[in-house]
Amino acid sequence: MVRHRPRLPRQRRPRFGPADREERVSIAVRQPVLDESAVRDQGGRVDLVVVAEMVAPGSRVLDVGSGDGALLELLATTRNCDARGIELSREGVNAGVARGLAIIQGDADVDLAHYPDDAFDYVILSQTLQATRRPRWVLEQMLRIGRRAVVSFPNFGHWRSRLDLMINGRMPVTDNMPIAWYETPNIHFCTIRDFVALVEVLDARIEKAVALDSSGHRVRVNMPWWVWNLLGEQAVFLLTRER
């Protein structure tokens, strides 16, 4: 007599509703979290983190003066952006391409004119404004090409720069501006108050601004511009066009 094993009931696969699907998708595309304190502790560039935080996830981004592509890589991995770069130096272009990034060689003072209107959601100029020959023109092109512009720059009005000029009578050399005046590519130094005045001339609007002190910490938001100008070693601005 052959005994038949009882059949076990088939296990049904759980069915996911729309909410469950959304949750699974959000988990799948979740990106690494930007952490200013971790970058600061590791001696990295906190300003790049601040810039990335100002960019909405999934945006189209053009990084002007992209260097070796560090910011492009940060935007791609943490904000899921379609990020592209334009860089003057061949060394920077080669380094970025070696990392699998979309970088072309070009001069911001000339080549931005070839981009169509509203080609990107954001156009970024990170620590490059002071090295351009025509800063105002470059900013005008950025606001034409992108719906928003993010600009970061060293603040020449920082108290240490003022002290060096007043006490030593020499052009300052700091961690943020480490190259001597006769070798630096920087040709248009400005202060935070200078930049705010330029934004008014351009008839643009400041959506957000962050000043970082010499240790990479944020200066309090509710401080007036003159305090930021004194305590901020570098600044990051998010600009948009006035409609």
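**Salt bridges in the model**

Guide: R60, D121 and R147 are linked in a network of salt bridges, a salt bridge being a side-chain nitrogen of Lys or Arg within 4 Å of a carboxyl oxygen of Asp or Glu. The model is a predicted one, in which local features need pLDDT of at least 70, side-chain atom pairs count only at pLDDT 80 or more, and totals for chains, interfaces and linings use all residues. Residues are numbered from 1 along each chain as its sequence is written, and side-chain values use heavy atoms, with hydrogens and water left out.

Across the whole structure, a search finds 14 salt bridges. One of them joins the side chains of D68 and R99, at 3.5 Å from N to O. This pair links distant parts of the chain, 31 residues apart: D68 is in the loop between β1 (60-64) and α4 (70-79), and R99 is in the loop between α5 (90-98) and β3 (102-105). Helices (H or I, at least four residues) and strands (E, at least two) are DSSP runs, numbered from the N terminus.

R99 also forms a salt bridge with E73, their closest N and O atoms being 2.5 Å apart. Because E73 lies in helix α4 and R99 in the loop between α5 and β3, the pair ties together parts 26 residues apart in sequence. R99 has a relative accessible area of 34% and is partly exposed, a class between buried (under 20%) and exposed (over 50%), computed with a 1.4 Å probe on protein chains only. D68, at 38%, is partly exposed, and E73 is partly exposed at 31%.
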